[in-house]
Amino acid sequence: MPAPKQTTRRSLLVTSAVLSSLALAAPAAVAAPKPSDSPSASASPSATPPASMSSVGGARLGRPGTQVNLASGVPVLPKDVSARSWIVADAESGDVLAAHNAHWRLAPASTLKMLFADTLLPKFPSDTKHKVVPADLAGIGAGSSMVGIKEEETYTVHDLWLGVFLRSGNDAVHVLSAMNGGVENTVKAMNEHAEELQALDTHVVSPDGYDAEGQVSSAYDLTLFARSGMQKKDFREYASTVSAKFPGQTKKGKKGKKVRESFEIQNTNRLLAGDTDVPVYQGIAGVKNGNTTNAGATFTGVAERGGKVLLVTVMNPEKPEHNEVYKETARLFDWGFKAAGKVQPVGELVPPKGAEQAKPGANPSGEAGGSGDGGSATAGTGSKPVASAPAADGSSGIGTALGITGGVLVLLAGGAFLVNRRWPLPDLVRRRTRP
């Protein structure tokens, strides 16, 4: 049941006061030099983290090694986490519950697509159509993950985003980049957006996360991208979709009539779709995985249990086991849900530079992409989101279920950002049978 307007206004006033006091009390964050400032910047970082890293979000986050405030009643961190870098944070408050080399600049792989999506999703309505020309697919790296886009075929923006989120398709990224004025223009926009989000460890060279000289990010920054993106309705829905139908190639049918078939694509996020050695994680709602030669396996996930919403990022586990990045993420989620409310934070996820308080009456969906009807951006025929219960308007999926039921929505669309103590996620226990 929605909160009364008077209560909402009071919440906004309280939030404003809190933000003002934080701004006055918090010390200035110090960032390490941007990767582009260093001639030796590389997609292959050193074997050990630097002795001093960025202090954005708190001084302890800039220190190498594991940072956690263990005390009586706080569960011990899992010992079998081998990732070079990781972070566990409360998605609602921004508190960092624990971290390990949080600001270490590492190759991000396709987790960088979270920044790509957060930057470009607002640019095109989901029903915009685009006919692919050969130039759109130029420059895709060898061995890239692909969704199967064909030249001279027409796709909607909705189709392309499904290709980005579910199959991590670099071909879909390049087509969307072409629509945005080209790869160079898109990279520039992504770097500018990263700076606005205070993701100062990040330097984008390729919009799809493909290994490139000087392209780096960090567990901290990837978590900022996820938190920002998950405040947009369509981002949430794409990130939580398990499987969907994707347009195939147009062919001649039996009677000579042109027919365009479709094929099913499944989300490569194993905590969302499951695998032989990885069960679907209870409460998972996205976000994005990646894997390249330099980056190894990377993953950022968001999950909800017992009213707590956590974000976990894991970068490059040293253990060579199959699906290790998901297994370590699950262990950190388990720890975070047990520790939440007991452990004192070691830092925070900072708001964007130009953070402004959301005004009463602001768009409650946080939707990007200009659909304007408040409906589901991914509720097209054939898509199968995690949360399948339909809303009153007939749309379905996690974005609808993520609608605020009693708190103030965290917004980042349109330049508005409201620090919020309640960001409900849907009941994700009720789900389809695992694919």
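Rings of Phe, Tyr and Trp (its six-membered ring) pair when their centres lie within 6.5 Å; planes under 30 degrees apart are stacked, over 60 edge-to-face, and the rest tilted. The model is predicted: local features need pLDDT of at least 70, side-chain atom pairs count only at pLDDT 80 or more, and totals for chains, interfaces and linings use all residues. Residues are numbered from 1 along each chain as its sequence is written, and side-chain values use heavy atoms, with hydrogens and water left out.

**View 1. An aromatic cluster.** Ring pairs join Phe-116, Trp-161, Phe-165, Phe-235 and Tyr-238 into a cluster. The whole structure holds 9 aromatic pairs. One of them is Phe-165 with Tyr-238, stacked at 5.7 Å centre to centre with 15° between the planes. Phe-165 belongs to helix α3 and Tyr-238 to helix α7 (residues 233–240), so this pair ties together parts 73 residues apart in sequence. Helices (H or I, at least four residues) and strands (E, at least two) are DSSP runs, numbered from the N terminus. Phe-165 and Tyr-238 are both buried. Buried means under 20% relative accessible area, exposed over 50%, and partly exposed in between (1.4 Å probe, protein chains only).

**View 2. A tilted pair between two strands.** The ring centres of Phe-246 and Phe-263 lie 5.7 Å apart with planes at 55°, so the pair is tilted. Phe-246 sits in strand β6 (residues 241–252) and Phe-263 in strand β7 (residues 258–266), so the pair ties together parts 17 residues apart in sequence. Phe-246 has 0% relative accessibility and counts as buried. Phe-263, at 32%, counts as partly exposed.

**View 3. Helix α3.** Of the 11 residues of α3 (residues 157–167), 10 are buried, so the helix is largely enclosed by the rest of the structure. The buried residues include Trp-161 and Phe-165, along with His-158 and Asp-159. Ser-168 follows α3 and has a positive phi, near 55°.

**View 4. Strand β10 and its partners.** In β10 (residues 308–317), 9 of the 10 residues are buried, so the strand is largely enclosed by the rest of the structure. Strand β2 (residues 83–90) pairs with β10 in the antiparallel sense over 7 bridges. Two strands pair if DSSP finds at least two bridges between them. Ala-83 stands opposite Pro-317. Strand β9 (residues 296–305) also pairs with β10, antiparallel, over 8 bridges. Here Ala-303 stands opposite Leu-310. β9 and β10 form a hairpin with 2 residues between them. In that turn, Gly-306 has a positive phi of about 55°.
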